[in-house]
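Hi everyone, thanks for making time for this. Have a look at the sequence and the structure on the screen, and then I'll walk you through a few spots.

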Amino acid sequence: PNRIINQTNGITPRRWLYSCNPALRGLINDTIGTKWHTDLEQLQDLNAHIDDAGFQEAFRAAKSANKNRMAAWLKDRNGVTLDTSAMFDIQIKRIHEYKRQHMNILETIALWNEIRDNPTADWTPRVKVFGGKAAPGYALAKLIIHLINDVAATINNDPVTRDKLQIVYPENYNVSMAEILIPASDLSEQISTAGKEASGTGNMKLSLNGSPTIGTLDGANVEIRDHVGHDNFFLFGLTAAEADAQRADHGYARRAIEASPRLSRVLGQIAAGVFSGGDRYRYSDILHNLYENDYFLVSCDFDNYFAKQREVDAVYSDVTRWTRMAAANTAGMGWFSSDRTISGYAQDIWNAHSVT
Ligand SMILES: *Cc1c(COP(=O)(O)O)cnc(C)c1O
């Protein structure tokens with residue numbers, strides 16, 4: 001007792017705000033001064049400004065500049081044109097079943113279906129961005145990458161939905177790419193199965209840069225939500241305890257799929273070869289995994305995730321409310337500086353004393 005302790009991870013604010021986001025850096029300097037460069041908790045002082053119309057407009061201008069910067073980078077790199085007026089919805093991290101990039105692409109297919117069913121409704125346009133590598137021997141992760149790219153090829157060429165939904169997967173995700181994508185993000189996808197993510201740091205980088213999270217109660221999401229305010233975080237999904245209980249209930253995945261017309265339709269389309277030029281077998285391993293061996297509970301969280309995404313759509317279309325949420329994320333993230341983590345190690349673990 002009392003010998004096993006924890007220091008919550010942090011991120012360096014010099015790389016993940018000051019250096020990568022000059023537009024937001026300038027606005028913060030002009031609003032609260034420069035002490036935050038070495039004392040990130042000073043960002044709390046932004047809370048006094050988040051309802052100010054002038055500050056809000058400047059905050060949106062910074063985000064817009066970053067989205068234009070990312071769009072120019074992608075145009076130059078891959079020849080792809082992005083709609084910068086759409087929500088940039090970003091999931092960037094190593095590919096793993098527990099991180100559930102496949103749940104995100106299944107939700108994207110479901111959204112595509114519903115836009116096609118009702119193309120004149122008031123949809124909130126989105127650009128869905130995926131980035132991340134698979135480990136060399138992780139066949140299912142590579143198949144998930146293939147699926148995302150196949151779905152992108154189909155959906156991006158659909159004239160009915162083209163101006164409302166776009167998918168991009170820039171290859172070779174690394175820190176240099178992260179420094180361009182993170183400042184441009186509107187929505188941070190942190191959707192791992194509860195109980196599986198030790199911490200996460202991508203979640204911290206995105207929230208710090210004014211990108212609210214849609215996420216589960218997993219890893220540091222729990223503490224991020226407490227620091228930025230529960231109203232400024234889109235929470236969904238099973239808790240870790242509920243996930244364990246679900247796994248004990250044999251046959252849960254097939255039952256959840258059969259109970260969800262939306263998910264059944266999507267899986268039926270994949271099985272019919274809609275995204276693989278009629279090849280009905282390309283994604284058999286993913287489908288088999290979801291029906292028979294869904295340890296990461298995609299089937300159980302899918303409907304709640306879809307519903308929460310539609311709530312995100314509604315809030316995003318209320319520009320003032322969204323800007324307030326995004327700015328509250330930046331203002332609330334000071335505690336996640338790695339300066340705090342490292343001084344915690346120095347004091348509580350290393351018994352090392354600062355020379356300054
Ligand atoms: C921060 C970072 C990660 C970690 O991302 P998670 O979402 O926490 O898994 C991985 N790769 C790169 C390049 C990063 O910058």
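Let me start with a question: where does N172 lie? You'll find N172 in the loop between β3, residues 165-168, and α6. One thing before I go on: this is a predicted model, so please keep that in mind throughout.

Now, what about the backbone at N172? Phi there is near 65°, a positive value in a residue other than glycine. As background, most residues other than glycine have a negative phi. And is N172 buried, exposed or partly exposed? N172 counts as partly exposed, because its relative accessibility is 44%.

The next residue to look at is Y173, which is also found in the loop between β3 and α6. Y173 counts as buried, because its relative accessibility is 16%, and the cut-off for buried is under 20%. If you like distances, Y173 and G195 are 22 residues apart in sequence, and their C-alpha atoms are 25 Å apart in space.

The side chain of K99 has an N or O atom 2.8 Å from an oxygen atom of the ligand. At G202, a backbone N or O atom lies 3.0 Å from an oxygen atom of the ligand. Taken alone, the ligand exposes 390 Å², and the protein buries 81% of that.

So which pocket is this? The space taken by the ligand is the largest pocket.

One last stop, back on the backbone theme. N2 is not a glycine, yet N2 has a positive phi of about 70°. N2 is found in the segment before α1, which spans 13-19. With 75% relative accessibility, N2 counts as exposed, whereas N172 counts as partly exposed.

Notes:
Residues numbered from 1 in each chain as written. Predicted model: local features only at pLDDT ≥ 70, side-chain atom pairs only at ≥ 80, totals over all residues. Heavy atoms only, no water. Polar contact = N/O pair within 3.5 Å; in protein donor to acceptor, adjacent residues only side chain to side chain. Areas by Shrake-Rupley, 256 points an atom, 1.4 Å probe, with all protein chains shown as cover. 1 Å grid on protein atoms, 1.4 Å probe; cavity = no way out; pocket = protein on both sides within 12 Å on 5 of 7 lines; lining within 4 Å. Sits in = over half its atoms within 2 Å of the grid points. Helix = DSSP H or I, 4+ residues; strand = E, 2+ residues; numbered from the N terminus. Buried < 20%, exposed > 50% of the residue type's maximum accessible area, 1.4 Å probe, protein only.
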